[in-house]
Structure formats: structure tokens, C-alpha cells
Amino acid sequence: MKIISLLNIKGGVAKTVSTVNIAAELGNSGKRVLVLDLDPQSNSTKYLDCYSHDNASMYELLRGEDNNYIKDTEYEGVFIVPANIRLILAEPEILSDTRKARETRLKKWVKTIDGQFDYVLIDCPPALGMLTTNALAASEYVLVPIKIDKFALDGFQYLLSSIEEAREEFNENLKFLGAFITMDKATNINKEIKSELRDALGTKFFNQTIRDNVEVVKSTFDSIPLAYCNPNANAAKDYKALVREIESCLI
Ligand SMILES: Nc1ncnc2c1ncn2[C@@H]1O[C@H](COP(=O)(O)OP(=O)(O)O)[C@@H](O)[C@H]1O
Ligand SMILES: [Mg+2]
């Protein structure tokens, strides 16, 4: 079971879009995939059309309440532990509850489902608080989507050192799987920044980028992953190729 956190401290870089479309593509190719929605905004839950206030959700999971958290989705091989707005309460509650370890709650639960899935993909919030720390403690890999803009690389070093810190503190198995570009455009700026990143990251920079594509926005509005609503869209083809590249790194 490969456990991968999709993480970037920035919002709007396509963590959620990537989590959902990578999950759908892996599911389509015969894998069993569990999405863990760790963002109180619940966007991957909504994208997979699983949002409900009544569900046993990530919030109850982190509180350690005994329940059936895993929900089936409409999509082949894709399952989810949904989030809802209650998750916003989880962070302060975890911080103030000193009876149980704070950082390893998700990790403990993930151990109970060991072997039931080929992949677990964790959609992280855009921050390095207790929710993200739980994701890093539970994961084996961190995958970082990057959207190129003026501030794209601000905080990137900090992100890498936070992964290193989590490795030292709670999870010696944690590895940086790599970074990939989302919403890619054929501009000179994009070319420059990609070549800078390639120099800095070497093999940890994925060749495949995800093109900027309005079909992605439509897919989120329809709550249907690209592989199902528009498999011929540029971004759908890109996610498919990215998944093959990710798989080849994980052998
Ligand atoms: N390849 C793409 N082309 C065009 N728009 C995209 C693409 N990927 C993501 N988006 C849009 O960017 C916005 C942010 O994506 P999202 O996955 O929610 O980011 P994050 O989870 O990092 O906050 C969304 O409105 C989404 O529709
Ligand atoms: Mg998101």
C-alpha cells in the first residue's frame, strides 16, 4: 500500500484537482485507491460528489471515534474518507487534547486498513499545521504540485525542510517523491522556471506537466473527474501520463 500526501503550503496550485484525477486514473487502470480528504474546505470530497454533513468523516476519524469512514465513489476503484466543515474543529481539538499523541492519529488509523488498497492519496490543506503533520506522519511519500507564478517558489525550501523535519521527528520512512508543474503554459517564464526546477531537483522533478486547460474547471463544476467527463482533454491525457511516470518511480 503506497501512501502519498499531495502537499504544497500554497492554495490554488491544484493539490485537490491532482489528488482526484490521479486517483481516478489509478482506479481506471485497475488499482484500488483511497482518497483521504484532510482539508476542511472538503474540495476533493465535493469533486468526488461525496459531501454530506451526516457522514462519518475525517473529523470523527481524527477524534478516534469508532466508525465506518470509507465511502465508495461513483468511480472505478476509488474510495474516500470524506471531509466536511466539522474538520475545521479538528485542529484546535487535537492540539488541546493531551491524552493521545497528536501527530500520529491518522497514521494509527491507516495501519488498520493496511493492505486493503494499492494507493492512499492524502489531499492536504494549504498549511503546515496539525492536519498536515498528521498527513506527513502517515505517509511514505510527498508529491508537490507547483503552479508557476511570481511567488511559485516562495516557501518551497521551507516545504522541503518541513518534510525533512517530519522525517526526523515522526516518520523515518517519509520520502520526497517529487514535484510537478500544474496549469502549465507555453510561455518563456514557464520554460525558465521549469529549467530552474529541473536543475535544482534533478530526478525529483517530473518530466510530465499538466497543461492549463479549461476542461479542468468544467470537470470540477460537474464534480466528475476528467477521465470520466472528458478523457480526451489535454489535462486528462497529462494526468494519465503523469500517473505512469509516478508509477515508474514507485517500482
Ligand atoms: N490544469 C488546470 N487547468 C486549468 N485550471 C486548473 C487546472 N488545475 C487546477 N485548476 C483550477 O485551479 C483552481 C485551484 O485548484 P485546486 O485543486 O482546488 O487547488 P488546491 O487544492 O491546491 O487549493 C481550481 O479552480 C481548479 O479548477
Ligand atoms: Mg485543495
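# Exercises on a predicted chain

**Exercise 1.** Determine whether Glu 172 is buried or exposed, and locate it.

*Solution.* Glu 172 has 7 C-beta neighbours inside 10 Å and therefore counts as exposed. The scale is as follows: 20 or more other C-beta atoms within 10 Å of a residue's own make it buried, 12 or fewer make it exposed, and anything in between makes it partly exposed, with C-beta atoms placed from the backbone. The model is predicted: local features need pLDDT of at least 70, side-chain atom pairs count only at pLDDT 80 or more, and totals for chains, interfaces and linings use all residues. Residues are numbered from 1 along each chain as its sequence is written, while chains are lettered from A and ligands numbered from 1 in the order in which they are written. Next, the position: Glu 172 lies in the loop between helix H7 (156–169) and S7. Helices (H or I, at least four residues) and strands (E, at least two) are DSSP runs, numbered from the N terminus. Finally, 9.0 Å separates the C-alpha atoms of Glu 172 and Ala 137, which are 35 residues apart along the chain.

**Exercise 2.** State the strand order of the open sheet and identify its edge strands.

*Solution.* Seven strands form the sheet, with mixed pairing, in the order S3-S4-S2-S5-S1-S6-S7. Two strands pair if DSSP finds at least two bridges between them. Strand S3 (71–72) and strand S7 (175–182) each pair on one side only, and are the edges. Within the sheet, S1 (residues 2–6) and S5 (residues 119–123) run parallel and are joined by five bridges; Leu 6 has Asp 123 as its bridge partner in S5.

**Exercise 3.** Classify the crossing of H1 and H11 and list the residues in contact.

*Solution.* The axes of H1 and helix H11 (residues 234–250) come within 9 Å and cross at roughly 70°. Axes are lines fitted to C-alpha atoms, for helices over the stretch in contact, and angles run from 0 to 180 degrees between N-to-C directions. H1 is therefore roughly perpendicular to H11, a class that covers 65 to 115 degrees. Asn 21, Ile 22, Glu 25 and Leu 26 of H1 meet Tyr 239, Lys 240 and Val 243 of H11; contact requires C-beta atoms, placed from the backbone, within 7 Å.

**Exercise 4.** Which residues have the most contacts inside the largest nonpolar core?

*Solution.* The core has 75 residues, and Val 33, Val 35 and Leu 121 have the most contacts inside it. Such a core is a set of buried Ala, Val, Leu, Ile, Met, Phe, Trp, Tyr and Cys residues joined through C-beta atoms within 7 Å. Across the chain of 251 residues, 44% count as buried.

Key
Parallel < 35°, antiparallel > 145°, perpendicular 65-115°, else oblique. Contact = placed C-beta atoms within 7 Å.
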